[in-house]
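Welcome to a short tour of one protein chain.

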Amino acid sequence: MADVNQGSVLPGETSPPALDGLNATDSNGTDAVNATVAKFVATPEGTALAYGSLVFMALLPIFFGALRSVSCGKSKVAGENGCDYEYRNSSDMPETITGRDAARFPIIASCTLFGLYLFFKIFSQEYINLLLSMYFFVLGILALSHTMSPFMNRIFPANIPIKQYQLLFTQGSGETKEEMVNYEFDTKDMICLVISTVVGVWYILKKHWIANNLFGLAFALNGVELLHLNNISTGCILLGGLFVYDVFWVFGTNVMVTVAKSFEAPIKLVFPQDLLEKGLGASQFAMLGLGDIVIPGIFIALLLRFDVSLKKNTRTYFHTSFLAYIFGLGLTIWVMHTFKHAQPALLYLVPACIGFPLVVALLKGELTEMFRYEEVSAEDVAAKEGTTQVEKKDK
């Protein structure tokens, strides 16, 4: 989605001057260069630390998001088998991506990207980023709270009473009453919300790269967990379409790089290349777009759920695709560092994440079974159960 880039400055911070030279006139009237402010050049140690950290951070939401997506998948299976399970809130329900959605996604993403590019060209970047900051402030708090919730459930003291709350907004009255918002939460959720709000305020006020990454990791993990591909074919369509999208917008135009550098929102992970020299106040960043994590991540999560469906107590396809992602991302960074040009990461990630598992399935004789694997959306399960209950009443 977004490219892998180096030597950037986090939006909201000031870039140091990058001038080839400052001309001055000496006493004899001749021009002389009396000072030079060179462009920042990262040390080998700083570069290795930055890209190693980016790879590590990219793997976290994929690994944990895939594991948490299995729980969502089991919930859907429970619904299919008639078990009494339902999601506490609609926000916890996974969104299933169909083949039709996958085919349209690159077109929608292209229109959105180009629209943002035009907005940044026409309107003041300051005001656009102010609106975007407030929007992602709210989204980031909710995403980080949802991410922290399972950890809070484990560490929350058992002797503290847990109170249940419900936020309910309705429209109309009587038979025409309609629920607009119905959100249930408890004491642990309130604590998560407070912690997330502190991080959000820190991000709004300072635009610090650590706060940016906390929100970015939360967005990525929630995306991998809650966006479910319904089958392997849909995954191939989505990744193939975004492969073309990524290559075109990075190599064909300067649109994606311009938006990525202008967009003052936690839509990318960043890590400073000058951390060893300047500490937490570093300002020269390597970056990785969240799309390069979430898009391959939801495909890897699908392969993990396929592994679980085989009931062989192995995670062959998950491990294969996970290693393929590491290989593809490492290759992206190597090419970018070698040719000193921003790279569309999906150019390398898509062939690796699709190709490696398909080769393994072909060698194991499970290719047909892989493409026959199908997941049913939670909405379809609910509709099916409703139809079954109606039929039972009629009988």
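## Overall make-up

How many helices and strands does the secondary structure of the chain come to? The count is 13 helices and nine strands. Please keep in mind that this is a predicted model.

The chain has 395 residues, and buried ones make up 46% of them. Its accessible surface comes to about 20900 Å², with 63% of that belonging to carbon and sulfur atoms. Of the contacts between residues at least 6 apart in sequence, 75% join residues at least 24 apart.

## Segments listed in the record

The unreviewed UniProt entry lists several stretches under "transmembrane region", among them residues 48-67 and 280-304. How do these two look in the model?

Residues 48-67 are 100% helix and 0% strand, and the C-alpha atoms at the ends are 29 Å apart. Residues 280-304 are 56% helix and 20% strand, with end C-alpha atoms 37 Å apart.

## A buried strand and its partner

Is strand β9 (residues 285-289) enclosed or open? Five of its five residues are buried, so β9 is largely enclosed by the rest of the structure. Phe285, Met287 and Gly289 point one way from the strand, while Ala286 and Leu288 point the other way.

The partner of β9 is strand β8 (residues 268-272): the two run antiparallel and are joined by five bridges. Within this pairing, Val270 stands opposite Met287.

## Aromatic neighbours

The whole structure holds 18 aromatic pairs. In one of them, the ring centres of Phe215 and Phe219 are 6.5 Å apart and the planes meet at 45 degrees, so the pair is tilted.

Phe215 and Phe219 are four residues apart in helix α5 (residues 209-226), which separates them by about one helical turn. An α-helix has 3.6 residues a turn, so residues three or four places apart point the same way. Phe215 counts as buried because its relative accessibility is 0%. Phe219 is buried too, at a relative accessible area of 18%, since the cut-off for buried is under 20%.

Helix α7 (residues 255-262) is mostly covered, with six of its eight residues buried. The buried ones are Val255, Met256, Val257, Val259, Ala260 and Ser262.

Ala301 takes us back to helix α9. Its relative accessibility is 0%, so Ala301 counts as buried. Apart from neighbours within four places in sequence, Ala301 is in contact with Ala66, Ser69 and Val224. The C-alpha atoms of Ala301 and Ser321 are separated by 9.3 Å, although the two residues are 20 apart along the chain.

Key
Residues numbered from 1 in each chain as written. Predicted model: local features only at pLDDT ≥ 70, side-chain atom pairs only at ≥ 80, totals over all residues. Heavy atoms only, no water. Buried < 20%, exposed > 50% of the residue type's maximum accessible area, 1.4 Å probe, protein only. Contact = heavy atoms within 4.5 Å. Areas by Shrake-Rupley, 256 points an atom, 1.4 Å probe, with all protein chains shown as cover. UniProt positions renumbered as here; feature names shortened; annotations may be inferred. Pairing = 2+ DSSP bridges. Phe/Tyr/Trp six-rings, centres within 6.5 Å; stacked < 30°, edge-to-face > 60°.
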